[in-house]
Amino acid sequence: MQGILPYILRRLLWAPLILIAVSFIAFTVARYGPGDPISVAMGQYRDPEALARVRHEKGLDKPLLDQYRIYIWNVLHGDLGESFRFGARPVSEIIFPKMWVSAQLGLVALIITFGVGIPVGILAALKQGSWMDPASISTFLFFQSVPVLVTVPVMLLVFVLKLHWLPTGGWEGIFSKHIVIPALALSLPGVAGVARLMRATTLDVLKEDYVRTARAKGLREFTVVSQHVARNALLPMTTIIGISLVTLLEGAFFTETLLGIPGIGRLAFESVTSRDYDVILGLTLVLASAFIVANIVIDIAYTFIDPRVRYQRSAVI
Amino acid sequence: MAEAEAAAETLDEVTLGARRSPLGLAFRRLLRKRIAVLALAFIAVFYFCGLFAPVVAPRSYTAQDLDNVLQGPSLAHPLGTDRLGRDMLSRVIWASRTTVIVTLATLVTGGLVLSVSLGLLAGYMGGKVDTAIMRVGDVFFALPGLPMLILINATLKPRVVEQAWIKNLEDWLRVDGLPDYILIFGALSLFAWVGGARIIRSQILALRETEYVVAARAMGASAWRVIFRHLLPNVSNIIIVGLSASLGAIAGTEIALTWFGVGIQPPTPSFGAMLYDGGSIRTLQANPHLLLVPGAVVATLIFAFNLLGDALTDVLTPRAR
């Protein structure tokens, strides 16, 4: 196990540095935009004197670097600033409940993605050379190609208005029928990626000696596949959970906005359109930290699951 | 059956190989795949329509026919008309022009220039240059892509529109809405290069130690010569595979940004705006063609990109074949 500890340490030391760079970029872009937060908040009733006074109170007349320093200082003390749109409510109070909604939805979608993708990938690998292999992968590749912007309205039309099977948008928790459409819309595009990787790793494992041995000693094909092939082919799948999370977040933007789900995607959409700067910044920081931590956890977990993996200096994120 | 084909292929390559470049061989292999040919044909038609939209489109994208609004498909309007009586076929063709411009521009700036040059540089130079490039890449990789793209497009647009030289360039190139295009492909390139650069760098790291590179350097070849004559040809397959895989995502992101209202601005047509207009459930119920026509074109295009990317991976990366 030599080499694991320095590797983990290096990863953990880089994480805060990357976060600082990320936050600085996001901060600069947000402040560089037209109309600073105060004039946006005041809307059309702007009185130059009041504007200058509030700007001074909030420290927005200071140089950019000073503003950034103050912002980071506050963030480190758990203060992500205030939302202008939600009547000066603290940003953390707004973000975290919405993150919880998105996390639930994302978890359901992730389970569907992997639950469908893994069996499809194994089947495609077992049927390599027959028409079923390209057909199954292509089917899900097609689902990956249709934009969520099209699937969601079409699903609404078919399942809600024509067939009356499901309720329209909104959020009632993960055990209500409301989750079916967003979960499908979020998970279907990711299936192809999972299935393809699963197919590739299964094909690799099928060539292994131990699979031949398992067959040679007369095990049933089902046992060979489920006990010897699938379990070994599953290992590399942990690495694409990180990528799946990114796909999920991007899908959440549209799905949540289209279906009126009070999650983080919709919040980001509304905050950007109404220039609610502190919410945007807070979201960027929280999401970036979540990705960095998730990727580190996945990588470290992977080195424990599969000790053959080497730790490269280059792989920081 | 498949094996026989493969054997025939290899035989072909052996007998004809002497006169063919590796890329030419790969292209021939690609043309043997029916799905890839179909995908390639659709992409070719799409890019042709996009590039020559002024000639191909039967009408202007702004021409309104207020007597015939929200018509379904007919002889005069094969794909129907929208809310303002504009011909949907023409709008789809003009919208494909937007996709063509954005994908090509991003491909060149983000895909080729940034990712290839930075990946080569990091891999070849190593040391501090490598660290600097890769750490910057880590930062961009950690930034949540879509929110940042939306933020950049929303906040920087007024600054870009102000620039006089961009205005002049717009007049000179006669491309309406040039600032929109510049922002979109600029921002996209900024985020698109990291993945490709990482892969190219890791390949270069391995290639740098091969005998022929060491030999070339021992003979006194300059860094440029080593990079362009020895390293670049060996990573060109990976570059092509990577670029083809990213095209669908680039097209999709432009559509997403425009859908959010921070991308291409009307009246310049874009699939994002069309999907937004047709996307409400009442509209879909009453006039399904408003969503389904652009939706089908976009889905087919991205599907074609994905299929082509798969086929190229098969053809160009021999290990996976």
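Which residues have the most contacts inside the largest nonpolar core? In this predicted model, they are A:Ala195, B:Leu149, B:Ile150 and B:Leu151, and the core that holds them has 153 residues.

- Chain A is represented through both of its assigned domains, since at least three residues of the core come from each of domain 1 (4-76) and domain 2 (94-273).
- Not counting residues up to four places away in sequence, B:Leu149 touches B:Ala187, B:Leu188, B:Phe191, B:Thr253 and B:Leu257.

**The contact between the chains**
- Chain A brings 40 residues to the contact, and chain B brings 37 residues.
- On the side of chain A that touches chain B, the elements giving two or more residues are helices H1 (4-32), H6 (132-145), H7 (148-162), H11 (241-259), H12 (264-273) and H13 (277-305) of chain A.
- Of these, H1(A) gives the most, with 8 residues.
- Sorted by class, this side of chain A consists of 32 nonpolar, 7 polar and 1 charged residues.

**A buried serine in chain B**
- B:Ser115 belongs to helix H5 of chain B, which covers residues 88-125.
- B:Ser115 counts as buried because 27 other C-beta atoms lie within 10 Å, where the cut-off for a buried residue is 20 or more.
- When neighbours within four places in sequence are left aside, the contacts of B:Ser115 are with B:Gly110, B:Trp193, B:Gly196, B:Ala197 and B:Ile200.
- Although B:Ser115 and B:Ser189 are 74 residues apart in sequence, their C-alpha atoms are 8.9 Å apart in space.

**Domains and a hardly covered helix of chain A**
- The domain assignment divides chain A into domain 1 (4-76) and domain 2 (94-273), and the C-alpha centres of these two domains of chain A lie 36 Å apart.
- Helix H9 of chain A, residues 209-216, is hardly covered, as the count of buried residues among its 8 residues is 0.
- Just after H9(A), A:Gly218 adopts a positive phi of about 85°.

**Confidence in chain A**
- The mean pLDDT of chain A is 81, with 91% of its residues reaching 70 or more.
- Over residues 312-317 of chain A, however, the pLDDT is below 50, and this stretch has 9 contacts in the model beyond near neighbours in sequence.
- Where pLDDT is low, predicted coordinates should not be read in detail.

Definitions and conventions
Residues numbered from 1 in each chain as written. Chains lettered and ligands numbered in written order. Predicted model: local features only at pLDDT ≥ 70, side-chain atom pairs only at ≥ 80, totals over all residues. Buried ≥ 20, exposed ≤ 12 C-beta atoms within 10 Å, placed from the backbone. Helix = DSSP H or I, 4+ residues; strand = E, 2+ residues; numbered from the N terminus. Contact = placed C-beta atoms within 7 Å. Nonpolar A, V, L, I, M, F, W, Y, C, P; charged D, E, K, R; others polar. Domains from an automatic or database assignment. pLDDT = per-residue confidence, 0-100. Core = buried A, V, L, I, M, F, W, Y, C linked by C-beta atoms within 7 Å.
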